[in-house]
Amino acid sequence: MILLFLNRKPTQYLVLTGNETITIYQETDYIEPGYSAYDSKQNDLSSEVDIKSNLNINQVGEYQITYTLGKVTKTRIIKVIPVMKKYNF
């Protein structure tokens, strides 16, 4: 038996760098740890990744950053927590 795959597109891969959940303090800059995207032939597809985010560093809460490459989607959760106030006694 011989299997033929006609017009088969290479498989796409999307890998997040760092943790999938990140905690930051309110009103501090979010620094993107990065991601890599490539196909089964090792072609770099990072420039083709679509990124959507509802991140608001000024508001405490939980937010998502969604990375999409074709049919592959990865999500990073960003938890924005309040800054602890210092008290002088």
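**Notebook: strand pairing and core**

I began with the parallel pair, and found strand 2 (residues 21–25) and strand 6 (residues 72–81) joined by five bridges. Here I count a strand as a DSSP run of E with at least two residues, numbered from the N terminus, and I call two strands paired if DSSP finds at least two bridges between them. Within this pair, T21 lies opposite I77 of strand 6.

Before going on I noted that the model is predicted, that local features need pLDDT of at least 70 and side-chain atom pairs pLDDT 80 or more, and that totals for chains, interfaces and linings use all residues. Residues are numbered from 1 along each chain as its sequence is written, and side-chain values use heavy atoms, with hydrogens and water left out.

**Overall layout**

I listed the elements next: the protein has six strands and zero helices, so that along the sequence the pattern reads β-β-β-β-β-β. Four strands form an open sheet in the order 2-6-5-4, and the pairing in this sheet is mixed.

**Strands 5 and 6**

I then followed strand 5 (residues 61–69), which runs antiparallel to strand 6 and is joined to it by nine bridges. The two strands form a hairpin with two residues between them, and G70 in the turn has a positive phi of about 60°. Going through the bridge partners in strand 6, I found K74 for Y67 and R76 for I65.

Is R76 buried or exposed? With 0% relative accessibility R76 counts as buried, because buried means under 20% relative accessible area, while exposed means over 50% and partly exposed lies in between (1.4 Å probe, protein chains only). The R76 side chain also makes a polar contact of 3.2 Å with the side chain of Y67; such a contact is a pair of N or O atoms within 3.5 Å, where within protein one must be able to donate a hydrogen and the other to accept it, and residues adjacent in sequence count only if both atoms are side-chain atoms.

Q64, in strand 5, has 42% relative accessibility and therefore counts as partly exposed. Leaving out residues up to four places away in sequence, Q64 touches K52, S53, N54, T75, R76 and I77, where contact means heavy atoms within 4.5 Å. I also looked up the C-alpha atoms of Q64 and K79, which are separated by 8.8 Å although the residues are 15 apart along the chain.

**Core and totals**

Which residues touch the most other members of the largest nonpolar core? They are Y30, Y67 and I78, in a core of 14 residues; a nonpolar core is a set of buried Ala, Val, Leu, Ile, Met, Phe, Trp, Tyr and Cys residues joined through side-chain atoms within 4.5 Å. Strand 1 (12–16), strand 2, strand 5 and strand 6 each give two or more residues to this core, and strand 5 gives the most, with four. For I78, not counting residues up to four places away in sequence, I noted contacts that include I22, I24, Y30 and I65.

Of the 89 residues in the protein, 20% are buried.
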